[in-house]
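Here's a quick briefing to read with the model open beside you.

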Amino acid sequence: MALDRFGRKIHYLRISLTDHCNLRCIYCMPEDMTFRPNAEMMQLDEIMILARLFADLGFDKIRLTGGEPTVHPNVVSVVQGIASMPGIRSVSMTTNGVLLSKLAAPLAEAGLDRVNVSLDTLDPVKFKRMTRRGNLEEVWNGILAAEQAGLTPIKLNAVVVRGYNEEDEAGLVRLTLDHPWQVRFIEMMPFAGATALQVGQRVTEAEIRSRIEQAFGPLEVANGGELDGEARMFHIPGAQGDIGFISSVTVPFCASCARARLTADGVLRTCLLREHEINLLKPLRAGATQEDLRKMLLDALWQKPWGHGLADGEIPLNRVMSEIGG
Ligand code: SAM
């Protein structure tokens, strides 16, 4: 079992399969983003070797992300390989949903349990403006395909950006009345590439919640007040689905963080919002043994920082969000 020096059991790994993406969301990366060459990225066998290393240390929950994980040519094989590793209890994915119409069924067949689909607005014009190229209808069809394939409960992730989609929360939340879905609002976090917008146009949980309550009345606490992953859960009385808030900036949840991240270029990041990284791919390619890698990993996890430094003005600037994996 991997523990950090504060006694947290670290058992949840997010693996970014690629830094490439078929969208260019304004809060995630710059419009002229250049992607890294494939040779610098983990190859299928390397993803499997490193994932197994984590599974052997007691990691039981894996989320595939990116970039956009569904643009990886081997995404179905990756899911299949990881889902069949001893000790893995759940494999989920965060995706923009664009390719889910085609991929939901094969991914479910391969062993994927659930998807989180990013959806910031139900207005097709605003959607295109925020993603700089996306087609809302494709994403909507992808969500329905995911539900049909049993990748449930469906969770929808929304980032609210001032000047782009504030005022659209009610439409998203209304989906929970008739669908057993979770609509989760993620507070915008600052990274390189879009820092000015991420800081200057952030909309806080308090503001989002007050607009939702003006439209629907007071929200009820859901999930017995327990976190669902990192989300605090609420409910419109009588609704089929739930509403979540993931508010790393104004309501940090570092004390309960059980996560580590493996970037597409094989680098371990023990805190999303800290620049410190440990390269695992380089030693793997240089011939490090499983035991060497295991020691490096245990050491790095032990040193996981207590929390992020946003309150002290520390902003991680060594990568843009799509190069880390949300
Ligand atoms: N391409 C996939 C997607 O769109 O879901 C997976 C990668 S994306 C980086 C993962 C999540 O991070 C998405 O839900 C996205 O909205 C969120 N995200 C991206 N940039 C963010 C930021 N600056 N602050 C908060 N969330 C962000």
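**Ligand site and fold**

A nitrogen atom of the ligand sits 2.8 Å from a polar backbone atom of glycine 67. The protein covers 95% of the 550 Å² of accessible area that the ligand has on its own (areas come from the Shrake-Rupley method with a 1.4 Å probe, and for residues only the protein chains shown count as cover). Keep in mind that this is a predicted model: local features need pLDDT of at least 70, side-chain atom pairs count only at pLDDT 80 or more, and totals for chains, interfaces and linings use all residues. Residues are numbered from 1 along each chain as its sequence is written, and side-chain values use heavy atoms, with hydrogens and water left out.

**Around the ligand**

- The ligand is surrounded by 20 residues, and the closest are Tyr27, Gly67, Glu68, Ser118 and Met189 (a residue is near a molecule or strand if one of its heavy atoms lies within 4 Å of it).
- Tyrosine 27 brings a backbone N or O atom to 3.0 Å from a nitrogen atom of the ligand.
- In the side chain of serine 118, an N or O atom lies 2.5 Å from an oxygen atom of the ligand.
- By residue type, the shell splits into 8 nonpolar, 10 polar and 2 charged (Ala, Val, Leu, Ile, Met, Phe, Trp, Tyr, Cys and Pro count as nonpolar, Asp, Glu, Lys and Arg as charged, and the others, Gly among them, as polar).
- Strand 3 (90-95) and strand 5 (155-159) each put at least two residues into that shell (helices, H or I with at least four residues, and strands, E with at least two, are DSSP runs numbered from the N terminus).

**The whole protein**

- The protein has 11 helices and 13 strands.
- Along its principal axes, the C-alpha trace spans about 60 × 45 × 40 Å.
- Of the 326 residues, 56% are buried (buried means under 20% relative accessible area, exposed over 50%, and partly exposed in between, with a 1.4 Å probe and protein chains only).
- Among contacts between residues at least 6 apart in sequence, 74% join residues at least 24 apart (contact means heavy atoms within 4.5 Å).

**Helix 6**

- Helix 6 (residues 169-178) has these buried residues: Glu169, Ala170, Leu172, Val173, Leu175 and Thr176.
- Those buried residues pack against helix 5 (136-148), strand 5, strand 6 (182-186), helix 8 (205-216) and strand 10 (242-246).
- An α-helix has 3.6 residues a turn, so residues three or four places apart point the same way.

- Serine 92 belongs to strand 3 and counts as buried because its relative accessibility is 2%.
- Beyond residues up to four places away in sequence, serine 92 touches Ile62, Arg63, Leu64, Leu112 and Arg114.
- The side chains of serine 92 and arginine 63 make a polar contact of 3.2 Å (a polar contact is a pair of N or O atoms within 3.5 Å; within protein, one must be able to donate a hydrogen and the other to accept it, and residues adjacent in sequence count only if both atoms are side-chain atoms).
- Histidine 11 is in the segment before strand 1 (12-16), and a polar contact of 2.8 Å joins its side chain to that of aspartate 60.

**Leucine 310**

- You'll find leucine 310 in the loop between helix 10 (290-302) and helix 11 (321-324), and it is buried because its relative accessible area is 16%.
- Setting aside residues up to four places away in sequence, leucine 310 touches Pro190, Val249 and Leu273.

- Most residues other than glycine have a negative phi, and most peptide bonds are trans.
- Threonine 152 and proline 153 are joined by a cis peptide bond, with omega about 0 degrees, and proline 153 lies in the loop between helix 5 and strand 5.
- Arginine 132 isn't a glycine, but has a positive phi of about 65 degrees; at 26% relative accessibility, arginine 132 counts as partly exposed.
- Glutamate 167 also has a positive phi, near 90 degrees, and sits in the loop between strand 5 and helix 6.
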